[in-house]
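Biologist: Please take a close look at the place where the two chains meet. Then follow the residues there into the rest of the model.

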Amino acid sequence: VVDIVDETADVKSLVLDAPEWVGHRAGQHVDIRLTAEDGYQAQRSYSIASAPEDEHLVLTVQRIDDGEVSPYLAGELRKGDELELRGPIGGYFAWDDGGPLLMVAGGSGVVPFRSMLRHRAAAGITAEVRLVYSSRSWAQVIYGPELTDLAGADGVDVVFTLTRQAPEGWSGRRGRVDRMLLDDVSWTPAEMPLIYICGPTGFVEAAAAALVDLGHPANRIRTERFGPSGG
Amino acid sequence: MQALDGNAIAGSLAEVFGADMTMAVGRCVHCATRSMIAELAVYPRVPGPVARCRTCGNVVMVVIEFHGGVEVRMDGFELERPPATV
């Protein structure tokens with residue numbers, strides 16, 4: 001661990017120096033295994049937040065208070081500590097190029113999309129991309145300033161929607177990612193977007209069902225779910 | 001409990017098969033639904049997750065994680081082709 005960055009009150013990014021790392025594709029994840037002194041092991045999956053082109057491997061972890069792994073990673077871990085990683089893992093949710101690309105994120109489901117957006121910028125990819133990112137409040141938005149910066153590039157659009165509380169004067173969207181919002185912000189089925197959805201199970205299934213209902217073929221939609229058990 | 005998906009067992013499967021299995025396509029032996037492993041419904045539990053078919057709900061795969069190893073039983077899921085590296 002070479003650095004730990006506070007992203008929100010309960011989310012931290014772990015900046016890692018992984019000398020034997022073989023490289024990854026945007027959208028992949030790693031498994032972290034913790035071993036207690038008595039030999040008890042607990043393992044969880046975390047999405048990679050950094051681009052393949054970045055100098056360091058970055059994981060972003062949300063602390064789940066009654067979790068087994070995240071309270072350690074996003075609480076007790078210190079610079080200089082070592083972690084046992086397995087990965088990179090997964091080809092299904094990886095993205096190298098191609099578009100237009102619609103990314104739909106709920107909460108910390110934004111993490112793999114940060115990797116994709118940074119990869120797009122670093123690799124000079126010109127495919128059009130659009131991120132729709134749902135959070136409870138602005139205070140819970142992860143990478144807010146960075147995403148706002150990235151949205152300034154040609155062909156990149158970021159749509160924030162806040163479901164519970166918005167700052168005074170908020171001109172962005174309010175409310176859940178539903179059929180109406182997706183109809184408004186998505187490309188049409190005729191434009192054949194690739195669609196990636198990442199978030200808690202209920203969020204992912206509602207967004208996927210709404211997109212299928214809007215006429216997007218199921219085989220253009222890729223989903224990655226996480227749950228409270230991810231803690 | 002809400003189900004995750006096959007991405008959640010990708011690390012264990014890669015360890016056993018020596019290749020990424022998330023896009024491997026197979027058929028549920030109970031109801032014949034075709035799907036990619038990433039699309040299966042995965043329920044975390046001890047000593048390891050189980051994967052169920054999203055159409056019929058039957059168990060198609062069991063992952064057993066033990067100290068220093070992983071075992072995968074795939075009796076309910078017929079892969080269309082074996083992973084390239086096996």
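What follows starts at the interface and then moves out into each chain.

Modeller: This is a predicted model, so every value below is computed from its atoms.

Start with the extent of the interface. On one side, 23 residues of chain A take part, and they are in contact with 22 residues of chain B. Together the two chains bury about 1500 Å². Carbon and sulfur atoms give 49% of that area. Three residues stand out on the chain A side: Arg86(A), Tyr92(A) and Arg225(A). They supply 37% of the area that chain A buries against chain B, more than any other three residues.

Three salt bridges run between chain A and chain B. Several elements of chain A each supply at least two residues to the side that touches chain B. They are strand S3 (29–35), strand S4 (41–47), strand S6 (84–89), helix H5 (201–213) and strand S12 (221–226). S12(A) gives the most, with five residues. By class, this side of chain A holds four nonpolar, twelve polar and seven charged residues.

Now one salt bridge across the boundary. Arg54(B) meets Glu205(A), with N to O at 3.3 Å. Glu205(A) also has a partner within its own chain. Its side chain meets that of Arg225(A) in a salt bridge of 2.9 Å, N to O. Glu205(A) lies in helix H5 and Arg225(A) in strand S12, so this pair ties together parts of chain A that are 20 residues apart in sequence. Glu205(A) is partly exposed, with a relative accessible area of 34%. Arg225(A) counts as buried, at 12% relative accessibility.

The peptide bond that joins Gly87(A) and Pro88(A) is cis, with omega about 0°. Another cis bond runs from Gly99(A) to Pro100(A), with omega near 0°. Pro100(A) sits in the loop between S6 and strand S7 (101–106) of chain A.

Further into chain A, look at the loop between strand S8 (129–137) and helix H3 (144–150). Tyr143(A) is found there. Tyr143(A) is not a glycine, yet its phi is positive, about 60°. At 4% relative accessibility, Tyr143(A) counts as buried.

Over all chains the count comes to 20 salt bridges. In one of them, Glu146(A) pairs with Arg118(A), the closest N and O atoms being 2.6 Å apart. Glu146(A) is in helix H3 and Arg118(A) in helix H2 (residues 111–123), 28 residues apart, and the pair links distant parts of the chain. Arg118(A) counts as partly exposed, at 25% relative accessibility.

Chain B has an ion pair of its own to set beside these. Arg34(B) and Glu80(B) meet in a salt bridge of 2.5 Å, N to O. Arg34(B) lies in strand S3 of chain B and Glu80(B) in the segment after strand S8 (77–79), so the pair ties together parts that are 46 residues apart in sequence. Glu80(B) counts as partly exposed, at 37% relative accessibility. Back in chain A, salt bridges that share partners join Asp54(A), Arg114(A), Arg118(A) and Glu146(A) into one network.

The loop between strand S2 (25–28) and strand S3 (34–36) of chain B holds Ala32(B). Ala32(B) has a positive phi of about 70°, although it is not a glycine. Ala32(B) is partly exposed, with a relative accessible area of 42%.

Last, the cysteines. The count comes to zero disulfides over all chains. Cys28(B) is in no disulfide, and its nearest cysteine sulfur, that of Cys56(B), is 3.7 Å away. Cys28(B) counts as buried, at 3% relative accessibility. The sulfur of Cys53(B) is 3.6 Å from the closest cysteine sulfur, in Cys31(B), which is too far for a bond. Cys53(B) is buried too, with a relative accessible area of 5%.

How values were computed: Residues are numbered from 1 along each chain as its sequence is written. Chains are lettered from A and ligands numbered from 1 in the order in which they are written. This is a predicted model: local features need pLDDT of at least 70, side-chain atom pairs count only at pLDDT 80 or more; totals for chains, interfaces and linings use all residues. Side-chain values use heavy atoms; hydrogens and water are left out. Contact means heavy atoms within 4.5 Å. Buried area is the accessible area (1.4 Å probe) that two parts lose on being put together, summed over both. A salt bridge is a side-chain nitrogen of Lys or Arg within 4 Å of a carboxyl oxygen of Asp or Glu. Helices (H or I, at least four residues) and strands (E, at least two) are DSSP runs, numbered from the N terminus. Ala, Val, Leu, Ile, Met, Phe, Trp, Tyr, Cys and Pro count as nonpolar, Asp, Glu, Lys and Arg as charged, and the others, Gly among them, as polar. A disulfide is a pair of cysteine sulfur atoms within 2.5 Å. Buried means under 20% relative accessible area, exposed over 50%, partly exposed in between (1.4 Å probe, protein chains only).
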